[in-house]
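Q: Can you walk me through this one? I have the sequence and the model open.

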Amino acid sequence: MGPLEQGRKVPANVPGIHHVTCITGDVQRNVDFYVSVLGLRFIKKTVNFDVPDTYHLYFGDWLGTPGTAMTYFGWPHLPHRPAGSGQVSVVSFAVPPGSLERWWSRLRRLGLEATRSSRFGADVLALHDPDGIAVELVGQASHSSDGRWVPWPAGPVDPTDQVRGFHSVTLCVRDEEPTARFLTTTLGFRETAREGPRTRFETGAGGPGAVADVLVDPAAPAGEEGTGTVHHVAWRATDDAHELAWREALVAAGRSVTPVIDRKYFHSIYFREPGGVLFEIATDQPGFTVDEAPEALGTGLQLPPQYEGRRDRLAFDLPPLSTRPLTSGGKRT
């Protein structure tokens with residue numbers, strides 16, 4: 001029984017997605033796709049704070065605004081795995097509706113396979129990143145009304161067509177009821193639509209960037225951590241007090257929740273929803289400009305204080321990485 005049912009005080013809704021973190025087996029190929037194909041800005045080169053001899057890479061809008069940050073652990077030592085139950089199976093980005101035809105042409109010109117469909121009244125382009133993670137471009141603009149999205153003027157995609165941030169994540173589960181009950185009675189999401197085995201839930205003001213689709217697949221194999229899988233989805237907390245309030249509410253609802261962890265660019269708590277998907281709640285502050293100026297984001301190796309003493313060794317051990325966009329001829333700009 002969740003806190004809504006028990007009359008407990010429930011914190012304000014999480015406004016939407018903060019970031020999504022996945023696992024790649026090839027960091028250079030990963031950068032080339034998200035920068036040169038999808039046109040996201042490379043905003044941070046750092047290390048995994050728990051496995052510091054591996055990269056943690058961040059992509060987003062000009063500032064890495066919460067709700068735009070796609071991140072990757074560079075873990076080539078892991079085997080490749082297909083997505084399964086208890087995982088995010090699709091990461092969907094929002095683009096302006098009028099841009100989808102141009103995106104279709106762009107993907108074909110770059111030699112990438114994509115399929116077209118429609119879901120919940122919006123047009124969708126579906127493709128896979130180089131590790132096999134399912135990504136989508138959904139023709140619904142995101143973050144335009146609150147002015148948080150900041151375009152990348154020098155990016156390889158015209159600002160008119162650029163990705164506006166996340167649209168939604170798809171949670172693959174074998175049984176809808178436990179996940180749906182948790183989302184609605186504990187996290188305060190609301191069910192807004194159904195199409196076949198897919199149910200849409202929205203948080204905050206709703207709309208692009210605040211959507212979780214629950215896809216029921218009783219035959220899906222149990223998801224395992226590996227390259228080509230989504231590690232977790234993070235939801236936004238507006239500040240530290242908001243996050244702490246959610247931690248108290250989740251513990252009271254019987255979830256196992258980590259203490260608050262300082263991730264330098266945000267503060268985080270982690271827990272699993274009943275279907276097995278790893279959730280994080282991350283604060284909007286302090287953001288990615290805490291150690292680099294906006295115009296310099298992603299230009300240097302940034303480390304948390306506990307690893308500064310290992311900088312020279314880490315810089316030597318980590319593979320070289322170019323973050324400059326590729327031209328249509330495959331050369332660096």
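Q: What order do the eight strands of the open sheet take?
A: The order is 2-3-4-1-13-16-15-14, and the pairing is mixed. Strands and helices here are DSSP runs numbered from the N terminus, with at least two residues (E) for a strand and at least four (H or I) for a helix. Two strands pair if DSSP finds at least two bridges between them. The model is predicted: local features need pLDDT of at least 70, side-chain atom pairs count only at pLDDT 80 or more, and totals for chains, interfaces and linings use all residues. Residues are numbered from 1 along each chain as its sequence is written, and side-chain values use heavy atoms, leaving out hydrogens and water.

Q: Which are the edge strands?
A: Strand 2 (41-47) and strand 14 (261-262), each of which pairs on one side only.

Q: How many bridges do strand 3 and strand 4 have, and in which sense do they pair?
A: Strand 3 (residues 55-60) and strand 4 (residues 69-74) have four bridges and pair in the antiparallel sense. His56, for one, has Phe73 in strand 4 as its bridge partner.

Q: Ok, new topic. How many aromatic pairs are there?
A: The count is 14 aromatic pairs. Rings of Phe, Tyr and Trp (its six-membered ring) pair if their centres lie within 6.5 Å; planes under 30 degrees apart are stacked, over 60 edge-to-face, and the rest tilted.

Q: Why is the pair of Phe189 and Trp235 called what it is?
A: Their planes are at 85°, so the pair is edge-to-face, with ring centres 5.2 Å apart. Phe189 is in the loop between helix 3 (176-186) and strand 10 (190-195), while Trp235 is in strand 13, and the two are 46 residues apart.

Q: Are those two buried or exposed?
A: Both Phe189 and Trp235 are buried. Buried means under 20% relative accessible area, exposed over 50%, and partly exposed in between (1.4 Å probe, protein chains only).

Q: What about strand 5, how many of its residues are buried?
A: Eight of the eight residues of strand 5 (residues 87-94) are buried, so this strand is largely enclosed by the rest of the structure.

Q: And what does strand 5 pair with?
A: Six bridges join strand 5 to strand 9 (residues 166-173), running antiparallel. Strand 5 also pairs in the parallel sense with strand 8 (residues 134-138), over five bridges.
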